[in-house]
Every structure is written in C-alpha cells, then in structure tokens.
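Reader: I would like a close look at one part of this structure and at what surrounds it. Please keep to what the coordinates show.

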Amino acid sequence: MTQHSCVIAAVAAALALSGTAAFADQIVGASLKPLPLYAQPGGGTPTAKSDGQDLPWPVLETREEFYRVKVNGADYWVDSMQVRISRGSSAKCGPVLKGVPAPTGSTAGAGEDACR
Amino acid sequence: MGYYWLLHDNTPPPAGLAQRFNPRFVPDSSKSLGNVRFYFRSLIVAAIVAITMLWATPRLTPSSDLLTYAVARLQARLVGGHYDIARRDDTTVVLIDDASLDPQKGAWPVPYRTHARWLRNIGLIHKPRAIFLDITFGRERDDPTLPELVSSMCELRDAGVPVFLAALPGEDGKLQLRRGLDNPAGEAPCFTMVDVRYTPSKVDRLIWSYPLWSADGGARSAALAMAQEAAGIAISRTDDAMALTWGVNNLDLRRFTPECRLARGGYAELLPSHVRSLLGDAEADMPICPYTRTLTLSELRAQDADQARLADMLSGRYVMIGAALSGFNDTVLSPVHDVIPGVFMHAMALDNLLTYQDRYKRAVEWEIWPPNILWLLGIPVIMAAHFLHWLATWLTQRLRGRHTWARKWLVSPTQWRFASGPAAAPPAPLQALGSADDLGSRLRLLRRAASDRASCGWLARAAAEKLAVALALALRKAAAIVLSTLVVMYIVLLAQEFVHVGTLPIVDLAVMALAAQWLGWTNHVTRFLGGAPKAAPAADSPSEQQKANSPTPRKE
C-alpha cells in the first residue's frame, strides 16, 4: 500500500511539474493598478479589473501582445505591456534597430487589418 | 647625375657652386607686409569682396554653394561636439519599428485602438512629462476604434500627461486631423495639434533649420509646443526659423543601428574618414548615431522590459513616438547623422529649445541688407580670415629676416634653386633648338637633341624640378587652406557661444572671406584701387640679405 502511494505521489508530482513547465511564464506583477482585464486580445474596453491580489497567474496563451490568464475561474486577456512576468527579462543591449529603413521609390500598401 | 641640392642644412655647398645654390630672397611685393595702411585698406576690400562673392557666386555658379555646405557640415560636427549635453536625457524617442509590428500581424497602419493602447501604456504606466505622437491621422479610414484613441488621450490629460498630435494644414492653412478625431466639446482639450512640416536645404537636402511657427497660419511646431506647454519655456514669436544644432556626444548610449557609430565630436570628427581609418578607427566610414536616447515599442513588452531602464527613459521625460518602418520614407538627412527617422529632428529641436531656451540659434540668412546680428558676427570673421593671411605672411618675412633655417625653408617654392637644372646652361643641342627659325631645322635639331644623352638628362631634371615646385606649391596652398579653415571654424565656434545665430550663414561668409584670400583677390583689388604697399622692410634689401646670409657668430 505504501509502495503504491509512493508511485501515485511520484506520478502526480511528475504530472504537476510537466503542467508547470507547459505554463512556464507566470504573471507576477502589474505595472498598472487596477489591471484591466479584456475579453479579447488587442485591447478595447476592459471587461473587468483586478487589483492583482491572487497573483501569480500562469500564462495560458499568448496572442497579439496579450496573455490569456485565468482569474477567479474566468478567462481573460491582459496586456503584455501592463504586467511583469516571472521569466527574466531579455532586455536588449545591442543596437536599437537593425537599420534605418532605406528610402524607397514606392508607396507602402496597407496591411491586411488596415480597414478592420 | 640626377641629383638635386636644396639648402636645408648648414653644410656649405661644394666650392664654386655656392653662388648658384643660394636661395634668392626676393621680397614678395604682392604681400601686404609691414604696411599698416595697406593692411587696413585690404581689410575693407576683403569685406567688400567677401560679401560680393557671397551674393554673386551662388547666382553665377550654383555649385559653389556645395563648398560652403561641405565646410558647414564639418562645422556642424565641431559645434555638435561642444553642444551642452545637460538636457540630452530629458527626451526619449520611442520607435515603432518592424519588430514592434510583428505581433500585430505586421499590419500598417495599425488600428486606432493599438495607438490608444500604446499611448495609454506609456502615459499611465510611466508618467512621462509629455508625449508627442509623430503619426499624422489626416486621412480617413474605416476603423470603428477611433473613439478609443480620443478617450485614451483624455485619460492621459486627466493623468496630467499632455499629448501632442502631429497634424498637417488643410486648405484653409489651419492644422487639421481626420473627422471624428476631435477634442470633446465643452471640456479641456485632450490633445494639442502641432505642425510637423520642415524645409530641407535646397542645396544639399540636409536639415539645417527647424520652423517654430508656420509662415502661413502661425501653427506651432511639435518641439515649440512641447517646450512652451510641457516645459514652460517662454519663447517669443519671431519670423525666423530655428537653426538646428545637432548634438553629437552619444558615447554612453546604446548603439542605434549596427551601421552607425558612437562619437564624442570635436576636432577629431573633422578628419576625413579614410584618414581616421588609417589611424585605426575601424568604424570611420559609418555615420554618427542619433543623439537622443531611443527605445522601440517592443521593448515595452513584459518579456523584453527592463523596468529600471524604462523608468529612467520614460518617467518624467518628453517622449516622442515615431515610426521607422520599411517602405515608409519618414526619414530626414542630418548634417551630422546622415539618414535618420524624422522623429529625431523634432527631438533635437526640443533639445535645442530646452538648452538655449529663448536664445535659440536663429536661422537668419544673408539678404540685400542682412540682419544686424550677421554683421556683428560676420565682420569679425572676415577680419579673422584677413588677419590670418596677413599674419602668416608677416611671420614668414620676420622669420626669414632673423633665422637661417627660415631663410632656407620659408621661401616660395618658385624661388627654389636646385643643384642642376634650368639654372645651368642647357646643352648645345637644346640651345641650338631654341634659336632655330624654320620648322624643318627645328625638327632636325629636335631629333639631334633626342639622341643626345646630356640634353635628355637636362630635360628630365628640368621637368622633375618643375614637378617638385608644382607639388610644393599645391601642398603649401592646401596646408594654408586647411589651417586657415580650422582656425576660422574655431572662431565661429567660439562666437556661437555668445551670439544666437546658426552656423550656416557665418560659415557661408567665412568661406567666401577665406576664398578671397586663397585666390589672392583681396590684394589684387586693393592694389588696383589704392596702389601697391610700400617697399618691404630693410631686411629684404640686398645688403640686409647678404648680412643675413652670413654666418652669425655664436656666443658660447
């Protein structure tokens, strides 16, 4: 019985670790308080706000500079510029830009979402 | 033997040749040496010649302006190296680059909602002193998120962060934005429209000046509006644009791109790039990176954010947001930094206003009757150029009268005597050739001279001597031009500390004043109008020369 318990505990621990690894990034702080919570990535009008009492929040998904998180059992999106994450930041120390865009003899067209 | 003998040491020449080898000390009557009246006459002439050239040369030969602008570019690097760095870090440029757009599916223009998000995040999180958005929202497009942009700016207004929006004039000359992007009625404005037009130089397309008020409608430029409203600087209205001083010292900044270099500025920047390469500067060919501190929008994301850096660069700073996107030509040409995104021009202009305040450098120009301030600075520059030329001549003559080495070396190359050459009598075939009358006999004598070794040797030596003299003359003139230019540039630099005038008009006049001296026009005109200077001092008389040439007894 004891042996079985140990095996079950080991498997559970392994599963837990693997789950944590899948959501390695966690939101550990908010730069803006209260932190706006959005229904969709991209911004707009926040559907809720949080004072970040129950941080950290595991990052479930990343899209368009927004993170999907679960807050009080509901899915929300938070702005990546408004939060701090657990991963050490990879601040750029090299050049700011790869290069100044060269002058062109053309007019740039609008992107696919220009008239959305 | 093809050797030449130049008297450059105290070794006496071989016996019998001493008379031939001594350099002649013929006074140069074209110099205004020792003649004070001639000097002052020529000074007045120099001023008239320089101003006439200033007016006439661009009209007669438009390309002559290129010389002025080339010198002005060097001067800009010199001035930029001495530009006060104290307010540099007050301004930060935030660039929307291609990498910043990638998470937005690379689309441009981005929805108004995204602009709203960027503004809100920078303004509410980092609390800058003011934000300027260098994106003109003039054209209408189908995007229902426009109200979010207005509300974000109103939020910033309520948070005490003023927003300045780039705008262009409409048909009535007043600044305007697209329909729907208006300040809400009945409440304090949420943003201020600012003019973002500029006029590059017609000659070299560089940005030498920055308009503060538009000539047509009196609209304020971005830098001026921020300086007045956000920095609280009182700037009285004038019709003159601001002469932009481009700062250089960016040694402690991050490199802007791999293709630019960090620099301190000053005299080292005046050296041509290939000379600096020879001196071991591997990046000599690169332009200098921009002066203002810079971030990209992508650096504000959580995974890239360095909070301490963001706080240092954004909190309490004047933030200018601009685009550096492929395919968009929002770039300007700086005389110091080459091609850079246009937002840096506004940042540099704001830095100038923060640094100089109401005593910013005026972009005045030479007109038929120029502004008094140009006279005030221009006349000393002409005097300096003239005095330098006179001083060099006077010093040369004085030294030649006093020192043996100067008598040997400070003579015009045209007066050099070589050990053998034209001074020696040409061989007989060449003499006969010179006295031949008809073409047939000349051809016959020429064939004879060509087959004569002595004649060929004499001709080769004569050609080599002429070449050496021509080379020395060219070097001497080049050295005179470079040295006098450097000194005058330094005088302009010093003068700029006290007079609020831009570099360009002064350099323009200085180049003309120097050119008048280099070409000898000043003395020619002075002699034409008022006669030649008086005879040179006694040191140039033959008896004095003889005395000067004799060895001086040395007291031990």
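Reader: Of the contacts in chain B with a separation of 6 or more, what percentage comes from residues 24 or more positions apart? Then please go through the side of chain A that touches chain B, with A:Leu32 and the loop in which it lies.

Author: This is a predicted model. In chain B, 80% of the contacts with a separation of 6 or more are between residues 24 or more positions apart. Chain B has 556 residues, of which 39% count as buried, and it contains 18 helices and eleven strands.

Now the interface. On the chain A side, 37 residues are in contact with 46 residues of chain B. Strand E8 of chain A, residues 83-85, supplies the largest share of that side, namely three residues. Sorted by class, the chain A side has 15 nonpolar residues, twelve polar ones and ten charged ones.

Strand E8 of chain A also belongs to a sheet. The sheet is open, has three strands in the order E4-E1-E8 (chain A), and is paired in the antiparallel sense. Its edges are E8 and strand E4 (57-58) of chain A, each of which pairs on one side only. Strand E1 of chain A, residues 26-30, is joined to E4(A) by two bridges, again antiparallel. Within that pair, A:Gln26 faces A:Pro58 of E4(A). In general, the strands of a sheet pair through backbone hydrogen bonds.

The loop between E1 and strand E2 (35-37) of chain A holds A:Leu32. Apart from neighbours within four places in sequence, the contacts of A:Leu32 are A:Gln82, B:Leu124 and B:Ile125. A:Leu32 counts as partly exposed because 17 other C-beta atoms lie within 10 Å, and a residue needs 20 or more to be buried and 12 or fewer to be exposed. A:Asp51 is 19 residues away from A:Leu32 along the chain, and their C-alpha atoms are 9.1 Å apart.

Chain A has another open sheet of three strands, with the order E5-E6-E7 and antiparallel pairing. The edge positions are taken by strand E5 (61-63) and strand E7 (74-79) of chain A, and each pairs on one side only. From one strand to the next, the twist averages 35°. Strand E6 of chain A, residues 66-71, runs antiparallel to E5(A), and three bridges join the two. A:Thr62 is placed opposite A:Tyr67 of E6(A).

Definitions and conventions: Residues are numbered from 1 along each chain as its sequence is written. Chains are lettered from A and ligands numbered from 1 in the order in which they are written. This is a predicted model: local features need pLDDT of at least 70, side-chain atom pairs count only at pLDDT 80 or more; totals for chains, interfaces and linings use all residues. Two strands pair if DSSP finds at least two bridges between them. Helices (H or I, at least four residues) and strands (E, at least two) are DSSP runs, numbered from the N terminus. Axes are lines fitted to C-alpha atoms, for helices over the stretch in contact, and angles run from 0 to 180 degrees between N-to-C directions. Two residues are in contact if their C-beta atoms, placed from the backbone, lie within 7 Å. Ala, Val, Leu, Ile, Met, Phe, Trp, Tyr, Cys and Pro count as nonpolar, Asp, Glu, Lys and Arg as charged, and the others, Gly among them, as polar.
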